[in-house]
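Subject: Structure handover

Hello,

Here is the structure we talked about. Please open it and keep it on screen while you read my notes below.

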Amino acid sequence: MPLKKAAESSLGPPRSETPQWLQRIFVGAGLLVVGKWAASLFSSGWMSDSTLDHVKDSVGGQSSDPYLSNLTEPWSKITPSKEIEYHDCFGDFQCARLDLPMDWNNTEPGDPRVGLAVIKLAARVPVTDSRYGGLLWVQIGGPGSSGVDFIIKHGKTYQMIVDSDVDPSLDDIDIHISPKYYDILGMDPRGVNNTTPRYSCFPTAASRDIWTLQSGAQGISGSSDDAFNNVFERTKALSEGCSKRVAGGENVEDKLAYHMNTSPVVADMVEVLERHGQWREKQALASIGQSSGHYATAAKERTKWQKGEEKLLYWGLSYGTVLGANFATMQPHRIERAVIDGVADAEDFARGEWFTNLQDTDKIIPKVCEYCDRAGPDKCDLYTEGGAQAISDKFEDTVNSLYENPIGVPATGSMAPDLITYSDVMSAIRPALYGPIGYFPDFARMLNDLSKGNGTSLAMVKQASQRVSTPSEECLDAPPYAPGCRTPGPETQLAILCTDGDFRTYEMSKADYGAYADELRRQSRWLGESWAHIRMQCVGYDVRPKWRVPGPFTGQTAKPMLILGNTHDPVTPIRNAHTMASRWPGSVVLASDGEGHCMFSSPNLCMARYIRKYFQTGGMPPKGTVCEANERPFIGVTKPPEEGEEALLERLRSDARTYPE
């Protein structure tokens, strides 16, 4: 509700479930949830439409039906195995499905299994090359986001940052340089996307579509007098339904709910590392064959599988930082290099409180309005004379006006009629805060239209993303909850974060949640209401994980970690980075003076240089380093690249326009 009205409410209702069109813009309601404006991230196929488009572009724009068929079903053609067996997929990538126990504390034959989907972008040198740096694990957040999708879209950028800038094909290089080149790997965690079994609380994909459409029509908290009661009871009904299905134990898929929290995922990661070490050794032996001599002996030694001791090279984003903190707590001796980017407080996450996220959120709007003023009307549609404050006032007034006066949008030749509400625009603010460079220009255009009573542009965004499920003929005739017909949905996030948190924090009354929402609303005008819903998802969800490490998350890692943070991050404030560093001796915070969530939201070559140095040599930046961003929202490039960095800057700028998706 508008700020003035919010102050009048002592029982401010938490946010409703995210409208369907926003669910298709960002994945779930967690830490890293932004997507393209019109992307369908919860598609009925194996992968989001935006990913398919990205892959087609990256491999030459092929678009024949057979090609699309191969894109949507690589995983069904790969049988899970207990050793990693990579298969070419998605153009330049390799896919594998690893057969893992569902319960790591009960691995008897015949017990339920997980088919973990992993994807790898191969290093630019073979494993036998002395310049092979190893396997860098990049993990996106959520929780519940697809690491497979993320690597397809952004893996080449990560490789470009961490690899040496020396072309590996060059022979004439300084003999004192020892460049390194890395494999880049990501996974779909348990219950997510391509990993099987999938977690689902809906009997069919269509039933989930109906539920989310109803939630969107209901509106966010404060949008009506009845919103709080409706939201609370709807959310509780979903969580209780999930719990009852798990407790009924009707099939093996539902048992997964006991094993989706972060601790078993750390065990999955360890197994992937071990199996990759095994694969590396086999690849080397197959390549070297019967060769002898110094080179062959040295290559065999370098590539030998270090059983039980394979090390982790890691770059975790958002919830991926929670996963990194859990790994560093449970397996500190395995940390070889770890970049923690966009830091969530792992202790706060484990308590299930979500109190340490919104401290810097509302600082972003004034900064973006300042950039809008500097850029002028040609680059910022929200521009108005009177400076940044006048633009900020226009922003707030436009949003508030929709509370009392929604805008009807008549049908056109290509668009159905629609209604733009306060709920719609408040929900759309979130992606703009996460990725100001990529999303604020479009958002400013929509706000400017709304200020003139025109909701067409926002209606187009909604309708481009409101795609109903299109199940196969087999799934149309399948019984409810059929394993082969389960589709990924937002309840995956619920299952992860609710089994990670302390259950005492979820046993709260309706009044307790009103007070909790009031506190978060005081933290942030723009995201407080939506943030309250994250914790509310767990009301009525009483699935207790079989294995959970509650913390504390601290210790001495084998090698120190590099911790990244933006000075204006909407959901992982820079103070969290310093908190993390204080718990892990030797760790160093590297800051970017940019806006948005995680490094890639704000192109920054200075940060990229330090990260490359860290992965190449282990070298750390001086404590207190703050890197100047190379680009600002609306304005464009404000700090040109140094010689030789032009290509990297262009890639970072391109990713910032679709990051994170």
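Start with Cys598: this residue counts as buried, at 1% relative accessibility. Note that the model is a predicted one.

**Cysteines**

Cys369 is buried too, with a relative accessibility of 4%. The cut-off for a disulfide is 2.5 Å between the sulfur atoms.

Cys372 has a partner elsewhere. It forms a disulfide with Cys380, with the sulfur atoms 2.0 Å apart. The torsion about this S-S bond is about -90°, so the disulfide is left-handed. Cys372 and Cys380 are both buried.

How many disulfides are there in the whole structure? A search finds 6. Number the bonded cysteines in sequence order, and the pairing reads 1-2, 3-4, 5-6, 7-8, 9-10, 11-12.

Cys89 and Cys95 make another of these bonds, with 2.0 Å between their sulfur atoms. Here the torsion is about 85°, so the disulfide is right-handed. Cys89 is buried at 7% relative accessible area. Cys95 is buried at 0%.

Next, look at Cys201 and Cys242. Their disulfide has an S to S distance of 1.9 Å. It is right-handed, because its torsion is about 125°. Cys201 lies in the loop between strand 5 and helix 6, and Cys242 lies in helix 7. The pair therefore ties together parts that are 41 residues apart in sequence. Cys201 is buried at 11% relative accessible area, and Cys242 is buried at 1%.

Strand 6 (residues 312-317) and strand 7 (residues 335-341) run parallel, joined by 6 bridges. Gly316 stands opposite Ile340 in strand 7.

**A covered helix**

Is helix 19 (residues 491-500) mostly covered or mostly open? It is mostly covered: 10 of its 10 residues are buried. Its cover includes helix 6 (205-218), helix 7 (227-248) and helix 21 (528-536).

Best wishes

Conventions:
Residues numbered from 1 in each chain as written. Predicted model: local features only at pLDDT ≥ 70, side-chain atom pairs only at ≥ 80, totals over all residues. Heavy atoms only, no water. Pairing = 2+ DSSP bridges. Helix = DSSP H or I, 4+ residues; strand = E, 2+ residues; numbered from the N terminus. Buried < 20%, exposed > 50% of the residue type's maximum accessible area, 1.4 Å probe, protein only. Contact = heavy atoms within 4.5 Å.
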